[in-house]
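Keep the sequence and the model side by side.

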Amino acid sequence: MGFLSIIIQLVLGIVFLIFGFVKFDAKKRGKDFERYGYPQWFRIVSGVIEIIAAILAIYGIVNQTAAAWSGVVISVIMVGAIFTQIKIRDPLQKILMPVVILILGMIILALNWQFILGQ
């Protein structure tokens with residue numbers, strides 16, 4: 001595993017741990033999910049999924065199959081985030097961060113794709 005992949009996975013792991021745990025704070029994120037048009041239970045579910053993505057990214061440093069799956073999960077999450085921000089007509093600068101994170105997730109997936117296929 002390359003140094004670049006390890007750095008990206010650590011960054012994504014830390015970021016998604018923060019994203020995931022913040023979702024459990026209804027005061028901080030509850031109104032956002034109302035604005036997005038999503039139910040509050042989805043806030044909790046998305047937080048759990050983000051924490052799983054973080055664990056996969058960090059564990060992926062020693063297990064490339066986990067790294068590949070973290071790339072998949074992170075990419076799916078970020079596609080959803082981008083579509084949500086487009087739906088609510090957020091300005092372009094707010095969409096930029098999910099796009100960058102999507103690209104990083106796709107890099108991790110590309111670097112470890114063969115481990116999903118079992119090769």
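Start with Arg 35, which is partly exposed at 43% relative accessibility. The model is predicted. Arg 35 forms a salt bridge with Asp 90, and their closest N and O atoms are 3.4 Å apart. Asp 90 sits in the loop between α4 and α5 and Arg 35 in helix α2, so the pair ties together parts 55 residues apart in sequence. Asp 90 has a relative accessibility of 12%, and therefore counts as buried.

How many salt bridges does a search of the whole structure find? It finds three. Another one joins the side chains of Lys 23 and Glu 50, at 2.9 Å from N to O. This pair, too, links distant parts of the chain: Lys 23 is in the loop between α1 and α2, Glu 50 is in helix α3, and 27 residues separate them. Lys 23 is buried, with a relative accessible area of 7%. Glu 50 is buried as well, at 5%.

Arg 29 and Asp 32 also form a salt bridge, with the closest N and O atoms 3.2 Å apart. Both lie in helix α2, three residues apart, so about one helical turn separates them. An α-helix has 3.6 residues a turn, so residues three or four places apart point the same way. Arg 29 has a relative accessible area of 18% and is buried. Asp 32, at 21%, is partly exposed.

Now turn to the helices. Helix α4 has 24 residues, which should span 34 Å at 1.5 Å a residue; its end C-alpha atoms are 34 Å apart, in agreement. Its buried residues include Ala 66, Gly 71, Ile 74, Met 78 and Gln 85. Their cover includes α1, α2, α3 and α5.

Helix α5 covers residues 92-116. Its 25 residues reach 33 Å from first C-alpha to last, close to the expected 36 Å. Where is the kink in α5 centred? It is centred on Ala 110, with an angle of about 45°. Among the buried residues of α5 are Pro 98, Gly 105, Ile 108, Leu 109 and Asn 112. What covers the buried residues of α5 includes α1 and α4.

Finish at the surface. Phe 3, Ile 7, Leu 10, Val 11 and Ile 58 form a nonpolar patch there, with about 440 Å² of accessible area together. Helix α1 gives the most to this patch, with four residues. Ile 58 lies in helix α3. At 34% relative accessibility, Ile 58 is partly exposed.

Terms used
Residues numbered from 1 in each chain as written. Predicted model: local features only at pLDDT ≥ 70, side-chain atom pairs only at ≥ 80, totals over all residues. Heavy atoms only, no water. Patch = residues over 30% accessible without salt bridge, like charges linked within 9 Å, V, L, I, M, F, W, Y side chains within 5 Å. Areas by Shrake-Rupley, 256 points an atom, 1.4 Å probe, with all protein chains shown as cover. Salt bridge = Lys/Arg side-chain N within 4 Å of Asp/Glu carboxyl O. Helix = DSSP H or I, 4+ residues; strand = E, 2+ residues; numbered from the N terminus. Buried < 20%, exposed > 50% of the residue type's maximum accessible area, 1.4 Å probe, protein only. Expected span 1.5 Å × (residues − 1). Bend = angle between axes of the 7 residues up to and from the residue. Contact = heavy atoms within 4.5 Å.
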